[in-house]
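Here are my notes on the model you sent over.

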Amino acid sequence: MKRVEDWPERLDEYVESVKDKPFEYTMHDCCAFMAMAVIVITGVDVMKGLRTYTDKQSAYRVIKDYAGGGVAEAVEKAMSDHGFQEVPPLMAQRGDVVLFQTELGDTTGICVGDRITAPGEKGLLFNPLTDIKRAWRTN
């Protein structure tokens with residue numbers, strides 16, 4: 001997958017536009033956030049056809065039907081299906097997809113340089129790179 005020419009600016013604008021947006025299934029959950037960031041960076045929708053859920057229960061059903069497990073399995077399958085290469089967690093770079101653990105379990109997000117980010121209850125959470133469990137290069 002190749003990144004679009006102005007992806008750094010697009011990613012910054014996207015993150016800034018949603019930094020205070022509360023968590024909302026389908027619109028601003030971890031998978032939707034990651035997928036929109038990947039669209040901004042590459043133009044590819046890794047969640048195409050999967051935005052059929054409306055709440056926690058239906059989200060878990062869609063994820064299980066898609067990948068046979070939870071968020072970790074769904075992210076792994078989406079990245080593999082779209083040709084993204086896994087990299088060692090501490091080799092993650094700005095714009096890469098990441099998987100990390102929160103108090104709610106596995107979460108997916110984006111590396112934004114010296115931190116990783118994903119939606120939290122009241123806006124984006126920013127965690128250290130050392131929290132990354134798995135990472136995929138978006139180029």
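1. Ground rules. This is a predicted model, in which local features need pLDDT of at least 70 and side-chain atom pairs count only at pLDDT 80 or more, while totals for chains, interfaces and linings use all residues. Residues are numbered from 1 along each chain as its sequence is written, and side-chain values use heavy atoms, with hydrogens and water left out.

2. The largest pocket. Its volume is about 470 Å³. A pocket here is an open set of points on a 1 Å grid over the protein atoms alone, with protein on both sides within 12 Å along at least five of seven lines; lining residues have an atom within 4 Å of a point. Grid points are joined across faces, edges and corners, and the volume is the space filled by probe spheres set on the points. There are 21 lining residues, and Phe23, Tyr25, Tyr60, Leu104 and Thr107 lie nearest the centre.

3. Who lines the pocket? At least two lining residues come from each of α2 (30-42), α3 (56-67), β3 (105-111) and β4 (115-120). Helix α3 gives the most, with 4 residues. Helices (H or I, at least four residues) and strands (E, at least two) are DSSP runs, numbered from the N terminus. By class the pocket lining has 12 nonpolar, 4 polar and 5 charged residues. For these classes, Ala, Val, Leu, Ile, Met, Phe, Trp, Tyr, Cys and Pro count as nonpolar, Asp, Glu, Lys and Arg as charged, and the others, Gly among them, as polar.

4. The cavity. The structure holds 1 cavity of 30 Å³ or more, where a cavity is a set of grid points at which a 1.4 Å probe fits but cannot get out. The volume of the largest cavity is about 110 Å³. Its lining divides into 12 nonpolar, no polar and no charged residues; among them are Cys31, Met34, Leu50, Tyr53, Tyr66 and Ala78. Helices α2, α3 and α4 (71-81) each supply at least two residues of this lining.

5. Aromatic pairs. How many aromatic pairs does the structure hold? There are 2, counting rings of Phe, Tyr and Trp (its six-membered ring) with centres within 6.5 Å; planes under 30 degrees apart are stacked, over 60 edge-to-face and the rest tilted. Tyr14 and Phe33 are stacked, at 5.5 Å centre to centre with 25° between the planes. Tyr14 belongs to helix α1 and Phe33 to helix α2, so this pair ties together parts that are 19 residues apart in sequence. Both Tyr14 and Phe33 are buried, where buried means under 20% relative accessible area, exposed over 50% and partly exposed in between (1.4 Å probe, protein chains only).

6. The other pair. The ring centres of Phe23 and Tyr25 are 4.9 Å apart and the planes stand at 85°, so the pair is edge-to-face. Phe23 is partly exposed because its relative accessibility is 32%, and Tyr25 is partly exposed as well, at 26%. Phe23 and Tyr25 are also among the residues nearest the centre of the largest pocket.

7. Charges over rings. Arg3 lies over the face of Trp7, 4.2 Å from the ring centre, and Lys77 over the face of Tyr66, at 5.0 Å. The test asks for NZ of Lys or CZ of Arg within 6 Å of the ring centre and within 35 degrees of the ring normal.

8. Strands. Strands β3 and β4 run antiparallel, joined by 2 bridges, and two strands pair if DSSP finds at least two bridges between them. They form a hairpin with 3 residues between them, and Gly113 in the turn has a positive phi of about 115°. Strand β4 also pairs with β5 (residues 123-128), again antiparallel, over 6 bridges. In β4, 5 of the 6 residues are buried, so the strand is largely enclosed by the rest of the structure.

9. A phi to check. Most residues other than glycine have a negative phi. Thr26, in the loop between α1 and α2, has a positive phi near 75°. Thr26 counts as buried because its relative accessibility is 16%.
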